[in-house]
Amino acid sequence: PMGLAVQGFVTAIANPKGWAFMVSLLPPFINAAKPMAPQIGALVALILVIEFSCLMLYASGGRTLRHFLAKSGNVTLMNRIAGSLMLFVGVWLAFG
């Protein structure tokens, strides 16, 4: 299990889209009059904490969903909910 967590974390950290998004948010929080290294270090640490928290949230949700879908009737229920949502979005797009 720990190996999978490390693999997921490395994959997410290596994803340039996530970094590009977070880096685009950094300039307003950097003060050019103060030393850069501590500011960048704090912001990178914050990015890592947020990334780790999101991965843990996804993993917890996946585990919960796995237990939910293990029961036979729940798969049919999930398919009906997903189908209804897609139908709703289609109608919304057609008339919205």
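Reply: Happy to! One term before we start: buried means under 20% relative accessible area, exposed means over 50%, and partly exposed is in between. Also, please keep in mind that this is a predicted model.

Me: Thanks. Where does cysteine 54 lie, and how does it count on that scale?

Reply: Cysteine 54 is in helix α3. Its relative accessibility is 33%, so cysteine 54 counts as partly exposed.

Me: Let's step back. How many helices and strands are there in the protein?

Reply: Four helices and zero strands. Read from the N terminus, the order of elements is α-α-α-α.

Me: What radius of gyration does the protein have, and what would a compact globule have?

Reply: The protein has 20 Å, while a compact globule of 96 residues would have a value near 12 Å. Along the principal axes, the C-alpha atoms fill a box of roughly 60 × 45 × 15 Å.

Me: What share of the residues is buried?

Reply: Buried residues account for 7% of the 96 residues. The accessible surface of the protein is about 7800 Å², and carbon and sulfur atoms hold 76% of that surface.

Me: OK, glutamine 39 next. Is it buried or exposed?

Reply: Glutamine 39 has a relative accessibility of 14%; that is under 20%, so it counts as buried. Its place is in helix α3.

Me: What is glutamine 39 in contact with, leaving aside neighbours within four places in sequence?

Reply: With those neighbours set aside, glutamine 39 contacts Phe29, Ile30, Asn31 and Lys34.

Me: New topic, the nonpolar surface patch. Which residues make it?

Reply: The patch is made by Leu65, Phe68, Leu69, Val75, Leu77, Ile81 and Leu85, and covers about 550 Å². The elements giving two or more residues to it are α3 (36-69) and α4 (72-95).

Me: Which element gives the most to the patch?

Reply: That's α4, with four residues.

Me: Last one: where is leucine 65 found, and why does it count as partly exposed?

Reply: Leucine 65 is found in helix α3. Its relative accessibility is 36%, which is between 20% and 50%, so leucine 65 counts as partly exposed.

Technical notes: Residues numbered from 1 in each chain as written. Predicted model: local features only at pLDDT ≥ 70, side-chain atom pairs only at ≥ 80, totals over all residues. Heavy atoms only, no water. Patch = residues over 30% accessible without salt bridge, like charges linked within 9 Å, V, L, I, M, F, W, Y side chains within 5 Å. Areas by Shrake-Rupley, 256 points an atom, 1.4 Å probe, with all protein chains shown as cover. Salt bridge = Lys/Arg side-chain N within 4 Å of Asp/Glu carboxyl O. Buried < 20%, exposed > 50% of the residue type's maximum accessible area, 1.4 Å probe, protein only. Contact = heavy atoms within 4.5 Å. Rg over C-alpha atoms; globule rule 2.2 N^0.38 Å.
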